[in-house]
Amino acid sequence: MVDQLSRTLAAQRPARSLMPITGGNYTSWGKLLFDSVIAFLVTAGILFWLIPLIGIAIRLESPGPILFVQMRTGRNGHPFRCLKFRTMRYKRNAEFLQATPNDPRITRLGHLLRKTNLDEMPQFLNVLAGHMSIIGPRPHPIQLDAQYWQSLPGYVNRYCVRPGITGLAQARGARGETAEWYKMHQRLRYDQWYIRRQSLGLDLMICWWTIAALFRKNNNAC
């Protein structure tokens, strides 16, 4: 099923110049340097001990793999394997279903990892691999993209840049489940605004907002 969706979206992937991108030299080389330096420092300074530590805690609470690997849409519609700490009880070949508040599939440790965004930390490895940026539109599961690819005008524009570990939408509270059309539309507007105005200053601001959000209650997080 995922392979079929991947081929469908890849056949309809957006052109590189679909949306005008501003930012001058920053978008051409500065952002790549920013991503590479930050991802290397986080991997060398944090992930080398965080992955084993959280991995042991995950395995002690529930059987299954430490990492959750999910096919998501990347730049220009190319799919890639997105890494996360596993936060749900493991079920082989489970059907795709968005997480909801009080989702019974989420483990106790999983709730903590999701609330603090620690479940996203392995994606710094995706940044080093060139699949993602530190800041950008969040990559969606291919199955979720299939729901909006044709029906939501401008949706494919999200993927004219590399997706991010965090983004303007998430930093401003537009995160979590997107079962309603208006929620995805709100997220898309944030993403489009960011793509047109991305800069080092904006990326640093979004990093700060993301860190500050860890200490605030967000009803959309699940």
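**View 1. Salt bridges join Lys84, Asp119, Glu120 and Arg138 into a network.** For a salt bridge, a side-chain nitrogen of Lys or Arg has to sit within 4 Å of a carboxyl oxygen of Asp or Glu. Before going on, a word on the model: it is predicted, so local features need pLDDT of at least 70 and side-chain atom pairs count only at pLDDT 80 or more, while totals for chains, interfaces and linings use all residues. Residue numbers run from 1 along each chain as its sequence is written, and side-chain values use heavy atoms, with hydrogens and water left out.

**View 2. Lys84 pairs up with Glu120.** This salt bridge comes out at 3.7 Å, N to O. The two residues belong to distant parts of the chain, 36 residues apart: Lys84 is in strand β2 (residues 79-85) and Glu120 is in the loop between α3 and α4. As for the labels, helices (H or I, at least four residues) and strands (E, at least two) are DSSP runs, numbered from the N terminus. Both Lys84 and Glu120 are buried. Here, buried is under 20% relative accessible area, exposed is over 50%, and partly exposed is in between (1.4 Å probe, protein chains only).

**View 3. Glu120 also meets Arg138.** The N to O distance for this salt bridge is 3.0 Å. Arg138 is in the loop between β3 (133-135) and α5 (142-148), 18 residues from Glu120. Like Glu120, Arg138 is buried.

**View 4. Glu61 and Arg108 form a salt bridge between two helices.** Their side chains meet at 3.7 Å, N to O. Glu61 lies in helix α2 and Arg108 in helix α3 (residues 108-116), so the pair ties together parts that are 47 residues apart in sequence. Glu61 is partly exposed, at 30% relative accessible area, whereas Arg108 is exposed, at 73%. Searching the whole structure turns up seven salt bridges.

**View 5. Trp29, Leu33, Val37, Phe40, Leu41, Leu125 and Leu128 make a nonpolar surface patch.** The patch covers about 690 Å², with areas from the Shrake-Rupley method and a 1.4 Å probe, where for residues only the protein chains shown count as cover. Patch residues have over 30% relative accessible area and no salt bridge; like charges are joined within 9 Å, and nonpolar side chains (Val, Leu, Ile, Met, Phe, Trp, Tyr) within 5 Å. Two or more residues each come from α2 (25-61) and α4 (123-128), and α2 gives the largest share, five residues.

**View 6. Phe40 sits in helix α2.** Its relative accessible area is 52%, which makes Phe40 exposed.
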